[in-house]
Amino acid sequence: MMETDSLNLKDILDWYVWAGVDETVGEEPFGLTSSSDSVLEKRPLPVLKTSDKPVIESEERKATTELAQATVNACKGAQDICAQAKSVEELRALVEAFEGCALKLTANKTVFGGGNPQADIMLIGEAPGADEDRMGVPFVGRSGHLLGKILLAAGFHRDDVYITNVLPWRPPGNRTPTTAEVAVCLPFLKRQIELVRPKVIVLLGGSAANALLDNEEPISKLRGKWLDYPLEDKSIVPALATFHPAYLLRNTAQKSKIWNDFLRLKKKMAA
Ligand code: URA
């Protein structure tokens, strides 16, 4: 057991859990014993009550403006690299080198799209989970296994489709991505669609549907319908929204709905 001097291991673990750490990576602990580098010293400062702290309006506005400007700059950076990418593999390399999204700092791996880049069917999820983050491949965890089974049952093999996510980096603790994170990463998804040029898109869950179709409709209203996704040249790719497999793992009663959606997909592909 590691020497921790005055530090109490339970306090340290509690602090990690409180900070959103939900898994361990690597074999060796670090940064716990040096007093000058104590994790407890890095505990965030308590939030001051309004009465404790005079509100300096201009400073707050400046911070908001700086944050907004940083997001605008990151979106511009993402769009610039997308314009350079002439193939899915070029785009992958550029996204892996992109430093404009803070999610990359907490992620283990960049999880770019996978499967067949010439596929007729492109499936889009929200963001990598813990398994995907560890392996660098989309939909390899429990949701991915279920998705593979649904695809097979509908007559498609996972290697024949292209699978990607709105975000190529896992939000810590699987939290919901912020609007800014989605805005910065959306150009990567849109460029993948332009490069793959699938015949149809399947949107897995409300986050993917809302991000790509730029609406706020709940997935319960969107699912099962063929919607239009316009490419840059104004041609339309039919997009089918359905429930995310992770939702299905928690709500098995909805199985028939997702199954009906995949039958719609099968019918469309056979037409
Ligand atoms: N959920 C997603 O939306 N994407 C993945 O890659 C895995 C789980």
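Is Arg175 buried, partly exposed or exposed? Arg175 comes out as partly exposed, at 32% relative accessibility; here buried stands for under 20% relative accessible area, exposed for over 50%, and partly exposed for anything in between, using a 1.4 Å probe and protein chains only. This is a predicted model, in which local features need pLDDT of at least 70 and side-chain atom pairs count only at pLDDT 80 or more, while totals for chains, interfaces and linings use all residues. Residues are numbered from 1 along each chain as its sequence is written, and side-chain values use heavy atoms, with hydrogens and water left out.

Charged pairs make a handy way in. The structure holds nine salt bridges, a salt bridge being a side-chain nitrogen of Lys or Arg within 4 Å of a carboxyl oxygen of Asp or Glu. One of them ties Arg175 to Glu181, with the closest N and O atoms 2.7 Å apart. Glu181, at 12% relative accessibility, counts as buried. Another salt bridge brings together the side chains of Asp80 and Lys76, at 3.2 Å from N to O. Both residues sit in helix α2 (residues 57-84), four residues apart, or about one turn of the helix; helices (H or I, at least four residues) and strands (E, at least two) are DSSP runs, numbered from the N terminus. Asp80 is partly exposed, with a relative accessible area of 38%, and Lys76 is partly exposed too, at 46%.

Arg223 and Asp261 form a salt bridge as well, their closest N and O atoms lying 2.9 Å apart. This pair links distant parts of the chain, 38 residues apart: Arg223 is in the loop between α9 (219-222) and β5 (226-230), and Asp261 is in helix α11 (residues 255-270). Arg223 and Asp261 are buried, and they join Arg264 in a network of salt bridges.

Then there is Glu132, found in helix α5 (residues 130-135). A polar atom of the Glu132 side chain does lie 3.0 Å from the backbone nitrogen of Val140. Leaving aside neighbours within four places in sequence, Glu132 is in contact (heavy atoms within 4.5 Å) with residues including Val111, Pro138 and Phe139.

On to the sheet. Six strands make up an open sheet in the order β1-β3-β2-β4-β6-β5, with mixed pairing; two strands pair if DSSP finds at least two bridges between them. β1 (114-115) and β5 stand at the edges with a single partner strand each, so one side of each is left without a neighbour in the sheet. Strands β2 (residues 121-125) and β3 (residues 162-165) run parallel and are joined by four bridges, with Leu123 opposite Ile163 in β3.

Five bridges join β5 to strand β6 (residues 236-242), and these two run antiparallel. Tyr229 stands opposite Val237 in β6.

Definitions and conventions
Polar contact = N/O pair within 3.5 Å; in protein donor to acceptor, adjacent residues only side chain to side chain.
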